[in-house]
Amino acid sequence: MANVILLVVGAALPVVWGTAHLFPTASVVRGFGEISADNARIITMEWVLEGVALIFIGAFVATATIIDRASPVALGVNVVAALALAAFAGVSLFTGFKVNFLPYRLCPFIFGGSAALILAGAFV
C-alpha cells in the first residue's frame, strides 16, 4: 500500500504543477515586455508544452498504477517518467533556479522529488 501512495503522490505533483503552468501563460508572455509576435508565440508554445508534458507524465504513472502497478509495463512507464522528470529537474536547476522568482526556483525540487517518489513506489 505504501508504494501506491508514493506512486500517486509522485504522479500528482507533475499534474498539479503542469496545470499551474497553464493559467499564467499570458501574464508570463506579457512579462517579457515588447517582443515580436513570433517570440510571444514561441514563449507561449514552450510554456504550454511544459505544462502539458508534466500533466501527461503524471497521467501515465497514474494510469499504469491504476491498471496494474506490478506489471513490467508499469515499471517501464515509471522508470521512463522518473527519467523525464529528472531531466526536467536538471534543466530547471541550471536555468529557472537562477531566476529570482520562487516558483521557478521550486521546479527542480518538485520534479526531482516527484521522480524520487515514483522510483521509490516502483521499486518498494
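Modeller: Of the 124 residues of the protein, 31% count as buried, where buried denotes a relative accessible area under 20%, exposed one over 50%, and partly exposed a value in between, with a 1.4 Å probe and protein chains only. The model is a predicted one, in which local features need a pLDDT of at least 70 and side-chain atom pairs count only at pLDDT 80 or more, whereas totals for chains, interfaces and linings use all residues. Residues are numbered from 1 along each chain as its sequence is written, and side-chain values use heavy atoms, with hydrogens and water left out. The average pLDDT of the protein is 95, and 100% of the residues score at least 70; pLDDT is the predictor's confidence in each residue, from 0 to 100.

The protein has five helices and zero strands, assigned as DSSP runs numbered from the N terminus (helices: H or I, at least four residues; strands: E, at least two). Its C-alpha atoms fill a box of roughly 50 × 25 × 20 Å along the principal axes. Of the contacts between residues at least 6 apart in sequence, 71% join residues at least 24 apart, a contact being heavy atoms within 4.5 Å.

Which residues of helix 3 are buried? They are A40, I43, W47, G51, L54, I57, G58, V61, A64 and T65. In general, an α-helix has 3.6 residues a turn, so residues three or four places apart point the same way. The buried residues of helix 3 pack against helix 1 (2-22), helix 2 (25-30), helix 4 (72-94) and helix 5 (102-123). V52 also belongs to helix 3, but V52 is partly exposed, because its relative accessible area is 30%. Between V52 and S114 there are 62 residues in sequence and 16 Å in space, C-alpha to C-alpha.

Among the elements, helix 4 has the highest mean pLDDT (97) and helix 2 the lowest (92).

Helix 3 also gives the most to the lining of the largest pocket, namely five residues. On a 1 Å grid over the protein atoms alone, a pocket is an open set of points where a 1.4 Å probe fits, with protein on both sides within 12 Å along at least five of seven lines, and lining residues have an atom within 4 Å of a point. The largest pocket holds about 380 Å³ of space. Its lining comprises 17 residues, with H21, W47, E50, T95 and Y104 nearest the centre. These 17 divide into 11 nonpolar, four polar and two charged; Ala, Val, Leu, Ile, Met, Phe, Trp, Tyr, Cys and Pro count as nonpolar, Asp, Glu, Lys and Arg as charged, and the others, Gly among them, as polar.

W47, buried in helix 3, also lines the second largest pocket, as do H21 and Y104. That pocket holds about 160 Å³.

Conventions:
Points joined across faces, edges and corners; volume = space filled by probe spheres on them.
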